[in-house]
Structure formats: C-alpha cells, structure tokens
Amino acid sequence: MSDIDPITLEVVTEGLISVVREMRATVFRTARSVAIYEARDFSCGLFDAGGQVVAQSEDIGSHVVPLPWSVEQSLAELGDDLSPGDVILMNDPYRGGTHLNDVTIIYPIFDGDRLVFFPAVREHWADVGGAVPGSMSGTASEIYQEGIRIPPVKIIEKGVLNAPLMEVLLSNMRVREERLGDFNSSLAACRTAERRLAELTDRYGLDTLLACVELNLTRSERRMREKIELLPDGEYYYEDYLETFGPKGFEPLLLPLALTIRGDELTADFTGVSPQVPVPVNSTLAVTAASVFITLKSALDPEQALNHGSFRPVEVIAPEGTIVNVTHPAPAGSHGEIRKRVIACMLGALARACPDLVSGDIHRTSFHNLIGGVDPATGKEFVHYEWSSGGNGGFLEADGPSAMAAIDWGDLSTAQPTEVLESRFPLHIEWSRQGTDSGGPGRNRGGLGMRRALKLTRGVAKYSLLSDGAMMPPFGILGGESGAPVNSFVIHPDNSEHHFASPGKVGGHTLQAGDTVILQSAGGGGYGDPLEREVERVADDVADGLVSRGTARNVYGVILTTDGFADLEATKVQRDQLRAARITVSAVEDDTDAYTPSGPSKKRVLRLNPEDIKHAGLVDGDRAELLIGDGAPLRGWVRPDATVAAGRVPLDPLGCRALGADASASLILRPLLVPDPGSIG
Amino acid sequence: MITLGIDVGGTFTDLVLRDSVTGTMRALKTPSTPSNHAEGVMNAIRSTGVAPSEITAIGHGMTVATNTALEMNGARLGIITTRGFRDVLVIGRGNRTKLYDIKATRPEPLVERRNIVEVDGRLTAAGEVHLALDEDQVKLACNTLAEAGVEAVAICFLHSYINPEHERRAGEIARVALPGIPVSLSSDVLPEYREFERFSTTALNAYVAPRVGRYLRSLADELVAEGVTAPLSVMGSNGGTWSAAAMAERPVNSMLSGPAGGVTAAVAVASMLSENNIITYDMGGTSTDAALIRGSTLAMTTEAKVGMWPNRAPQIEINTVGAGGGSLAYLDAGRFLRVGPRSAGAEPGPACYGKGGTEPTVTDANVVLGRFLPGHALGGTIELNVDAARAAVASLGNELDLDPERTADGIIRLAVARMTATVKEISVMRGLDPRDFTLFAYGGAGPLHAALIAEELGMRRIVVPTMPGNFSAYGLLAANTRHDLARTRLMPLAQATLAEIEAELAPLRAEANERLAADGFTSDHIQISCLADMRFAGQAFELTIALPENAETIEDIATAFRRDYEERYSHADEGAIEIVCLRVIAIGESEPAPLPDVQGGETLKAALMVHRPVRFGDATVNCPIYSRTALPLETPITGPAIIEEDGATTVVPPGFSAHIERHGNLILEREA
C-alpha cells in the first residue's frame with residue numbers, strides 16, 4: 001500500500017471526488033421534484049465495502065454525514081446476501097435514517113464477486129405519505145403519521161425491479177409520478193458512478209484504487225487525531241434544552257453532554273438525556289452522531305475534504321429510546337432541532353476545552369414557517385414555506401455573521417426574494433431587516449437575526465411554525481451574552497397583537513386578510529465580555545443600526561455623543577459601574593435537588609438565598625445563568641432557599657464541571673437576557 | 001487603414017494590428033503599467049510605429065472593473081432603497097459562505113450599512129403604485145449621502161423591473177442633488193426581477209463606475225493627444241464590443257472583458273475552420289478559463305459572480321479555476337499535495353524567472369521536464385534559469401521522496417486534473433460529451449498542456465490558433481458590437497398571445513436599433529434575435545430559449561421550450577409554462593478580420609531547430625524542437641515533438657500528430 005506515490009494518490013482522489021460531483025450533476029439534471037432540482041435538498045456519497053465515506057462533494061452536511069449509518073445498517077441486514085444488480089432502498093429512522101422524507105438508495109458495486117463500492121444518494125422526497133401533505137407534521141405523536149417506513153430492502157434484485165413492492169410504496173405517497181421520478185434520478189446517479197468507477201478501475205487498477213481510498217481514510221484519521229491531541233485532556237460537560245409545551249406550560253427537555261478528551265480520542269456521551277416524547281422533538285442516532293462530527297469538523301479541521309477517517313477517533317453514546325436515539329413508535333421528524341441542539345452542547349463543552357476554535361451558540365432552529373391557504377384571486381391553493389436563518393455566534397477573530405445558514409446546512413439558501421414571493425403569493429412583505437440588538441453582545445458580537453413582516457393581502461390562510469429556541473435563547477461564551485430568541489406573532493389591522501401561548505410552536509393559526517405575521521429568527525451568541533469590545537466598534541455598530549444606543553450604554557457601557565462618537569471619559573466611568581454592579585456568588589458542591597423533574601421534562605434548579613435573588617432583580621422561577629468568565633454559561637431556574645447562605649450557590653458535580661469550577665469558585669450570576677417578545681426591532 | 005486590438009493583462013499588454021487593405025496582421029507584447037494602464041496602452045500603440053492618423057478603429061480588453069471589484073478599492077458607495085429593505089445586499093440569499101467552518105464570514109460589504117438609506121415609496125408585483133415616492137425623503141437621503149462623502153450612488157427599489165418610474169424620478173433628484181457623482185439605477189443596469197441579484201449587479205456597477213470612467217476618459221484624452229481619432233470600443237462580458245461611452249455608463253458589463261476577447265477569437269477562427277463545437281482552454285499565469293461553444297453558439301449565463309457578489313449582467317459562461325503557469329505546488333497544513341490556487345504572481349514569479357522564487361510552479365515543472373528551450377525567452381524578456389527551477393522542484397520532491405523528474409511530472413498531472421475538472425463542469429456536468437468537441441488552446445501556457453487535457457477527456461482534436469499568446473487581442477479586432485436588452489414580464493403562456501409578446505419585444509427591438517444606430521451601424525449590418533426566459537409554473541429557475549422566428553401560435557413557443565428543457569435536463573416535463581423575462585440580442589456586424597493565408601516554410605527539416613532530451617511520463621526521449629513559423633503547411637509531425645514560437649510552446653506528446661493549416665493554425669490530432 002505504501003508504494004502508492006503521492007501524485008497518484010492525489011490524482012485518484014480528485015477522480016473519486018469527481019465521481020461524486022458527477023452523481024450530483026446527474027440528480028440535478030434528471031430529478032423531477034422542485035425540492036430537489038431547485039432547493040437542492042439531496043446529497044450523494046461514495047462508500048467503501050465497509051460502509052465508510054470515501055468521497056463526497058458540496059453536499060448538505062445534515063444529509064450526507066449521517067449516511068454511513070444507513071449504509072452500515074443495510075450492510076448488517078443484507079450484506080451477506082448482496083449480488084451484482086441489487087439496489088437497496090431505505091428511509092427508516094430507527095435503522096440508520098434521519099427522517100422519513102430522506103429516502104436513500106444504496107447501490108452495491110462488485111468487481112467480479114467482490115463487493116467494492118457503494119454509491120448512495122439521499123434525496124428529500126417531497127411526500128412519503130402520512131397525516132399531512134409533505135409528511136412533516138408538527139403535531140405527530142407516532143411515526144405512522146409521518147409517512148411510510150422503508151427498512152433496507154432490495155428494490156431491485158439482480159437487475160429486476162421488485163414491482164409489487166414499488167407499487168406498495170408509491171400507493172402510499174402523494175404525487176406518485178414525482179416520487180418515481182425522484183427514485184429514477186437517484187438510480188441514474190448511481191449508474192453514472194458505476195460507469196466512472198469502472199473507468200477509474202481500468203485505468204489505475206482496483207488495488208491501487210482501494211489502496212488510495214484507504215490512504216485517504218488513514219490520513220484523514222491521522223489529521224483528526226492530531227487535532228484532538230492538541231486539545232487538553234479532560235472531562236467536559238454541558239447541558240441544554242429542547243422545548244415542549246404541556247398543560248403546565250413550558251416543559252423543557254434536558255440534553256446533557258459529557259465530552260471526554262483522552263489523548264487523540266474523543267467521546268460524546270448523552271447519557272441522562274430526556275426519554276423520547278410523543279411529539280416531534282425526537283431524532284435518530286445517525287443525526288445525533290452526525291451533528292457531533294459536523295461540529296468537530298467545523299471547529300477543528302475546516303480545510304480538508306470530508307471522509308470517514310476523521311470519524312474514527314470519535315465515539316458517540318446515545319441511549320436508546322431517548323430524544324437523541326428515537327425508537328419505535330415515537331415520531332422522528334425533528335432532525336433539524338436535535339441537530340442544532342447537539343451542536344450547541346458540543347460548542348458549550350468545547351468552549352472550555354478550546355475556546356479559540358469555537359463560537360457562541362448558533363441560531364438554534366431550522367425555523368420552519370408555513371403560510372398556506374387558497375388565494376381568492378386564482379382559486380388555487382398556495383403554501384409559502386420559509387426558513388429564514390438567524391445569527392451565528394461570535395468567535396475569537398470576528399463577529400458572528402448575521403442571517404446566515406448554520407454549519408449543518410450546507411449551501412442552502414435561506415432568504416427568498418421579496419419580488420418572487422409577492423408575484424406568487426397573496427403576501428406583501430412590509431419589511432425584512434436585521435433585528436437591531438438581536439446579536440448576542442460580546443467582545444465579538446453574535447450575528448443578528450432576521451425580522452420580517454409578511455402581510456396577507458387577501459383571503460384567509462393558516463400560519464404554522466415548527467421551531468425551537470423561543471424560550472432558551474442562543475448562549476454566548478467567555479462572558480458573551482445571549483442572542484435574541486426565536487419569536488413570531490401576528491399584528492391585526494387595528495394594530496392589536498396576537499402572541500402565541502407556545503412560542504416557537506404554532507399549528508394552523510388562522511390569518512385574515514390584513515393580518516401581518518412578524519417572524520424573528522434567533523441571533524447568535526456573543527463571544528467575550530461586551531465591556532471589552534473596542535469602543536469604535538460599538539460606535540460603528542450604532543452608526544450602522546445594528547446595536548441601539550441604549551444597548552451600547554447599558555450592555556457595552558459605551559456612551560456616545562449626539563454626533564455618534566464615543567465619549568471615552570464617560571465610557572470608562574460607565575464600564576466601571578457596570579462591572580462593579582455584577583453579582584458574584586461562590587459555588588458550594590452539593591448535589592441535592594439539582595434538577596426539577598416533571599414527566600420527561602427536567603430542568604436545573606439554581607437555589608439561592610432570597611436576598612441574592614432580589615439583588616439580581618430576579619423572582620422565583622426566572623431563568624438565569626452562572627458564568628465564570630471562560631467557557632459557556634450554566635443555565636437554570638432560580639428558586640429562593642433561605643437555607644442557602646447569602647453569596648453562595650449549591651452546585652452538583654456536573655454543574656461544577658460545566659463551569660470548570662472548583663468548589664468555592666467565584667461565579668457571576670445574571671438574568672437570562674431575553675428581549676421583550678413584543679419588541680420588533 | 002489600420003485596426004488595433006489591445007488587451008491589457010496583469011503583466012503584459014498584448015496588441016494585434018491588422019492592415020485592412022492587405023489583410024495582414026502583426027502581434028506584439030509590451031509590459032503593462034498597472035499604476036496607469038492607459039500609459040501601457042499608449043506604449044503599445046507607439047511601438048507599432050503606425051502613424052496615428054492611419055488607425056481607424058481600436059478594440060480594447062480591460063481589467064479595470066474586475067480588479068476594482070476584486071481588490072475592493074472602488075467608490076465609497078451610497079444606496080437609496082425601498083423602506084424596509086436596507087439589508088437586501090447585506091443578507092443576500094442567506095447562504096453559508098464556507099461549508100463546515102465555524103469561522104465562516106461574509107466578504108467586506110460593497111457599501112456600509114449606514115450609507116444605505118430607506119425612503120417611502122412602494123410598488124406592487126404588478127407594477128402599481130402602492131405608496132407614492134416621497135421625493136422629500138429622496139432629497140434628504142441625498143443630503144445624508146453627500147455628508148457621508150459618497151463617490152457613487154445606486155438607486156435600488158423593489159419591483160422597478162416592471163415599473164421604473166420611481167427609480168427614474170429618484171435618479172433625477174439625485175443627479176441634481178449630487179452633481180458629478182455617477183448614479184446607477186437598478187432598472188437601467190438590469191431590469192430583471194429578484195432584488196438581491198439586481199441590487200448586487202447595480203451596486204457593483206456603481207462601485208466600479210468612477211474608476212472605469214476615469215480610466216476610459218484618460219485613455220481617450222491620451223489618444224486624442226497622440227493624434228488618434230479612431231473610435232475606442234471596449235469588449236463586454238457578453239462577447240460583443242461596446243462604445244467606450246456606453247461602457248462607462250454600465251461598467252459592470254466589462255467584468256469579463258479580457259477572457260471574452262479570447263472566446264470571441266475562438267468563435268471567429270472556429271468558423272474559418274468549420275469547427276462547430278469547441279471548448280476553449282485559456283491558461284495564463286494564475287488561472288485557466290474554459291468556455292463551451294456549441295453549434296457556433298456561445299453558452300451564456302446570467303448567474304455569474306464577481307468575488308462573492310452576483311453579477312447578472314449577461315455574459316459568456318466562462319468557468320475559471322485558479323491553476324495557471326505560475327500556480328505553486330506545495331504541501332498544505334495537512335501535508336496534502338496541492339497545485340494552486342496559491343500563485344507565485346508576477347513577483348517573484350516562478351523560480352525559473354530567477355527573481356528569488358524558491359517554491360516550484362507549474363512552469364518550473366515544465367522546465368525540469370525539458371519542455372522549454374534553455375536560453376529561450378519566456379514571454380518576451382525573461383531568461384530561463386533552469387537550475388533555480390530544478391532546485392525548487394527538487395526540494396518539494398525531497399519532502400515527497402520522489403526524484404525531481406517524477407515530482408515535476410506529478411505537478412503537471414495534478415494541474416491537469418484540476419483544469420480537466422473545470423472543463424468537465426461545462427460539458428460532462430451539463431450532459432455534453434467533450435469527445436464531441438474540439439479543444440481550442442491558447443494563453444501563454446495553454447498549448448503546453450492542451451494535449452494532456454485532451455487525453456484526459458478523450459478529445460481527439462486540438463487547435464492551437466495562430467498568435468496563441470495574443471489571441472484575446474485578436475478577438476478584439478474580430479468582435480461584433482452587441483447589446484443585450486431584457487424586460488421581466490411574468491406571463492402564463494396559456495393566457496398569452498403572440499401579439500402581447502410582440503408588444504413587449506417591440507420597444508426592446510426599437511431601443512436596440514437605436515443603440516446600434518448610435519454606434520454607427522446601418523440596418524444591413526444589424527441582426528436582432530429574440531429570446532425568452534421560461535419555466536414550468538412553480539419552478540424558481542428559468543431556461544433561456546430562442547423564440548422561434550416564425551412562430552404561428554403560442555404552442556410553437558411551448559414546443560421550443562419543452563425541447564430545450566428536455567435537452568438540458570434529460571427528461572420531459574409537463575405542466576403550465578410561463579414566460580418570466582423577454583430578451584433581445586442586437587448585433588452590429590463589424591468588418592470581418594479573417595486570418596490571412598500563410599506561406600509556411602519549405603520543409604520540416606528546415607523548421608527543425610534542435611533535438612533535446614524531454615521527459616514524457618517515465619521516459620526521456622530525444623525530442624525534436626521545431627520553429628512554428630518555419631513549418632511547412634499541411635505536413636504532419638508525429639509526436640513526441642515540441643513546437644516553439646514567440647510567447648508560446650506547444651507540446652505534441654507521443655500518440656499525437658500535428659500540422660499547420662493554411663491560416664497558420666496548428667492542429668493536433670490524437671491517434672486512434
């Protein structure tokens with residue numbers, strides 16, 4: 001193997017990546033559904049006989065990174081019984097899939113009778129049956145409502161299509177001709193790969209090809225190991241929440257992550273996570289593990305092409321039957337939210353291990369907004385679907401970018417042209433701007449979220465929202481503040497407002513002509529202490545309308561003159577005052593009553609002396625965070641407890657670990673900064 | 001009667017001179033003068049020795065707009081826009097700028113957010129006035145921008161593609177309020193829908209306008225001072241020339257001025273050779289450009305970008321990769337071998353230039369393999385330093401544990417792999433088989449690698465045109481004048497009539513005729529064609545099709561669309577069809593500038609300069625080196641051979657044969 005010269009290795013690698021690019025072009029040219037050839041909601045990959053990713057191109061991370069689990073599961077179930085001419089179809093979330101709409105075709109390629117490669121294509125099929133058109137229901141309580149489940153099956157066996165099976169599948173999906181088109185485009189892409197791999201094999205010989213594949217995997221593994229090795233060994237911990245609403249209102253679900261770094265290996269352990277729930281907040285092991293990898297790759301090694309080698313030093317532990325490893329029969333449609341929250345936990349834990357390499361939290365949700373109805377002007381149904389991205393977190397070198405797709409989203413566009421929407425739908429976009437002050441304050445500010453106003457111009461329509469992060473905003477790190485949370489509400493023609501009882505989760509709210517829906521995507525978390533931000537940058541942000549004068553004064557401590565310049569003298573005084581006004585408490589190790597459980601819901605309790613709570617401007621049940629200047633803040637719900645000494649906060653060992661705090665460490669206590677939900681920026 | 005084509009590049013200013021009486025041509029290169037390109041252009045003109053009064057036309061390729069945009073040293077820009085929409089340019093389409101990178105950032109903005117001012121005034125998608133333009137707010141906006149010291153203004157209102165009145169009125173106010181400051185209206189620059197792309201194109205136009213205007217004015221002044229009275233025309237990205245005055249107004253159309261010259265030249269030569277399907281391959285110092293011409297028609301695109309900024313001005317679809325003769329070969333941080341996009345640039349240049357470069361480039365690899373004649377001048381004035389090239393390649397070879405020859409061969413193979421991928425993107429990825437095309441290789445380094453590219457792609461035929469190092473300048477002589485006009489109109493085909501379509505096209509045609517008349521064309525030299533951007537209802541992307549000239553019913557248009565659609569996407573579709581945008585392409589035919597017949601030398605033997613050892617793959621062969629200008633016509637040379645000329649070297653590897661045809665073009669053919 002070592003006799004492969006580096007030139008041949010690079011040329012063959014370029015050839016393998018080119019195979020995947022050509023698969024992609026084939027899908028793009030031959031697919032029939034809009035979601036695929038316009039939104040490009042599909043991915044292609046090339047796998048080796050062991051099911052490892054060998055090559056991929058500019059695909060959607062949320063698709064392609066979980067693909068190996070599908071291939072692995074298919075191999076486990078069918079691997080001993082595969083022959084040339086077999087083609088596998090699958091979408092089962094419980095067996096290596098993501099959500100039911102992501103239908104995957106896996107195409108074994110043989111050299112003689114030796115299995116050598118699997119090209120695979122994952123396409124988002126616009127409908128796979130289930131309760132609602134489009135199959136993604138925000139109210140599903142069982143997977144049966146989300147569409148038809150396809151375990152790994154041979155849809156083509158030795159070159160012969162299993163027509164009865166195909167008929168069963170298509171009979172359970174809406175717009176069957178389009179679904180058949182989706183299938184055929186995936187198949188065409190795999191056939192293209194087969195031809196090109198044969199050409200590469202003819203030219204270089206199979207042994208050389210496979211040796212190059214292994215060398216690539218090995219060097220990616222080596223590189224990831226080198227990157228992990230550079231991180232300080234240790235046990236890191238972070239916890240975050242998914243949001244549900246029950247009879248008692250907000251019921252957060254705990255997502256804890258124990259991250260262990262030992263030498264050149266890393267383990268992400270989600271033990272202790274909330275059990276799965278009969279609402280769409282669950283996702284699969286493949287999605288959870290992929291999100292761990294996406295974060296590591298994006299933080300540690302952004303430069304290199306992605307292959308399976310870089311996954312090898314990483315272990316992911318996600319207990320079965322939980323929101324991060326869903327099992328039968330819970331709904332599994334919430335990959336967008338679990339992905340974002342796993343990424344958040346990874347950022348929170350890594351913020352302590354390698355603060356230079358990560359950012360504040362990213363906008364927390366895929367923010368699926370739907371406005372649909374019948375347009376009285378045409379008599380036809382319409383559905384406007386929008387997924388405006390929000391702010392990204394600030395990081396060591398720069399402010400987080402505003403309104404930009406997150407790291408798990410590949411090259412998806414997240415902003416749609418107003419001129420197209422207004423020509424197509426009975427909608428008038430009144431404004432579409434970055435939300436002033438929505439970026440988490442910090443030495444490097446989080447990016448801003450979007451603020452959009454969509455007015456229904458005629459008829460009646462329904463508004464739905466499937467999102468998360470409306471209650472728990474994106475966190476800042478190293479002292480940075482939270483970005484603005486997700487929100488949406490309706491303004492009626494008489495200017496009265498309708499706010500939703502379950503922010504972030506709206507099902508079919510009726511809109512009348514003249515009603516305006518206000519959409520607010522989340523901001524990004526800040527990086528570093530806002531009092532350390534250069535005064536000129538704060539003044540620039542105010543001049544550009546990204547930060548208000550009030551926030552400049554009250555959060556950044558920067559006093560501006562009437563013509564917009566910083567008053568350095570007054571700023572120094574203000575910053576000293578703000579710093580002095582911070583409330584510090586010291587940790588006491590004590591693991592009684594660390595969480596309040598309530599059904600699957602579980603939340604951290606911060607027991608504090610009533611005087612401290614009052615002093616901090618908090619009341620019983622308020623959300624607050626503790627921080628120590630580095631890493632990410634630990635969030636919880638304050639509870640007055642007269643048995644706790646003033647100036648103290650009991651913390652269980654996990655809480656101490658999250659903060660990297662010894663017993664008696666001095667911590668800052670601050671309320672969770674959540675802007676007034678009615679403020680429209 | 002002399003016409004000149006002058007192409008300004010980063011290092012050299014290339015000139016081709018044509019005597020329109022005798023039809024003879026001459027090529028020369030002079031150094032560029034980056035601090036003021038006009039000076040280099042004048043030097044080039046003076047070096048021809050032609051009397052200024054004899055010059056009747058000048059075609060010019062320039063990089064001022066592109067460099068201004070890429071180097072971000074354009075105007076301090078102000079934008080006046082619709083209330084509620086100041087962030088259209090900031091947010092764009094909300095795409096991530098770099099995948100799998102937590103630290104992705106957006107590029108520096110063309111305009112500071114504080115200099116984007118919103119005003120009241122709103123149109124609907126039908127072009128009706130929803131809210132009247134508040135002219136007082138426009139005046140206030142102009143005052144704000146004047147105080148901010150802006151040097152150019154773009155006016156970008158929603159739905160102005162269908163009703164430009166608000167923009168025009170705001171433009172009038174701005175021109176009065178801000179005298180001497182160029183004002184670009186989005187409805188003028190690109191009257192097409194989708195606000196981000198239109199605003200971006202308009203902002204780019206305004207951003208580069210002051211510099212391009214200054215440059216073209218100073219060049220015109222110098223020409224007059226020199227006594228040259230010939231009109232100056234500038235090559236546009238659309239493959240046609242523009243009057244200097246028109247280009248100064250819409251400089252965003254000159255972003256591809258340089259490479260478009262080469263593609264235009266290839267089209268002209270291909271037609272002389274009766275080659276209908278060609279792929280151009282233009283390899284220069286830092287990058288390689290490829291374009292595809294099918295059935296003698298250029299592939300056009302409206303989806304190009306300048307840096308990260310969409311530029312929807314119609315332009316030739318040219319695919320560029322950062323691999324050229326000066327591209328460096330190196331091990332990256334992960335110890336992966338890379339060729340480009342890092343480049344040695346003009347300073348220090350490749351190691352073989354002897355100006356202190358120590359890292360190997362693609363050019364150095366060619367030196368090590370013996371593909372240049374020692375003592376032979378590279379690009380005119382630079383003497384080859386073989387030892388320096390060898391030392392640079394050897395040091396990389398040491399790290400890879402390879403000898404210098406294998407390292408050099410590998411560098412070239414990797415560069416070829418990257419360039420091949422670029423050609424694939426415009427052919428294979430579009431469902432077109434490159435084996436059905438002839439490769440047109442030019443640019444300083446194109447002829448060196450053309451055969452390797454052809455081999456990779458299974459292409460059988462290569463044309464290395466005459467004057468390959470000055471080919472773009474030749475294209476400037478051969479180009480027609482071209483105006484692209486467009487008007488967005490959403491029309492469901494089922495409800496449209498031919499008369500309605502004609503009613504939209506007629507004003508576009510009238511304007512096109514007017515513009516060409518202003519350029520001095522008479523009707524017998526004007527060609528007008530009509531096109532439409534169409535799609536199936538519900539799709540978000542359109543396909544541009546030529547409207548059938550003698551359509552009798554709407555169904556004829558639908559049929560043409562379905563046919564093109566099926567060809568593009570390899571499958572038929574059904575459903576309602578709609579027109580999104582109507583287009584007119586107006587061509588003013590220039591005097592043709594055919595390549596004259598050449599004499600050719602007497603015998604191959606007379607053209608043979610020397611034999612020297614040259615490495616091909618693992619073997620070193622004693623390879624004949626020929627002088628291109630001395631080669632006899634239609635006399636095949638069997639590879640391996642190397643053919644030398646001023647400014648370019650053609651490698652004919654084993655398995656290829658080569659001959660000169662009667663216009664002096666070198667044809668390489670791959671043996672079966």
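Mentor: Chain A holds 15 helices and 28 strands, where helices (H or I, at least four residues) and strands (E, at least two) are DSSP runs numbered from the N terminus. This is a predicted model, in which local features need pLDDT of at least 70 and side-chain atom pairs count only at pLDDT 80 or more, while totals for chains, interfaces and linings use all residues. Residues are numbered from 1 along each chain as its sequence is written, and chains are lettered from A and ligands numbered from 1 in the order in which they are written.

At the side facing the partner, 57 residues of chain A are in contact with 53 residues of chain B; contact requires C-beta atoms, placed from the backbone, within 7 Å. In chain A, α1 (6-30), α8 (285-300), α10 (418-424) and β15 (427-434) each supply at least two residues of that side. The largest share, ten residues, comes from α1(A). By type, the residues on this side of chain A are 23 nonpolar, 16 polar and 18 charged; Ala, Val, Leu, Ile, Met, Phe, Trp, Tyr, Cys and Pro count as nonpolar, Asp, Glu, Lys and Arg as charged, and the others, Gly among them, as polar.

As for the chain behind that side, 58% of the 681 residues of chain A count as buried, that is, with 20 or more other C-beta atoms, placed from the backbone, within 10 Å of their own. Among contacts in chain A with a separation of 6 or more, 73% join residues 24 or more positions apart. The C-alpha atoms of chain A fill a box of roughly 80 × 65 × 50 Å along the principal axes.

Notes: Two residues are in contact if their C-beta atoms, placed from the backbone, lie within 7 Å. A residue is buried if 20 or more other C-beta atoms lie within 10 Å of its own, exposed if 12 or fewer, and partly exposed in between; C-beta atoms are placed from the backbone.
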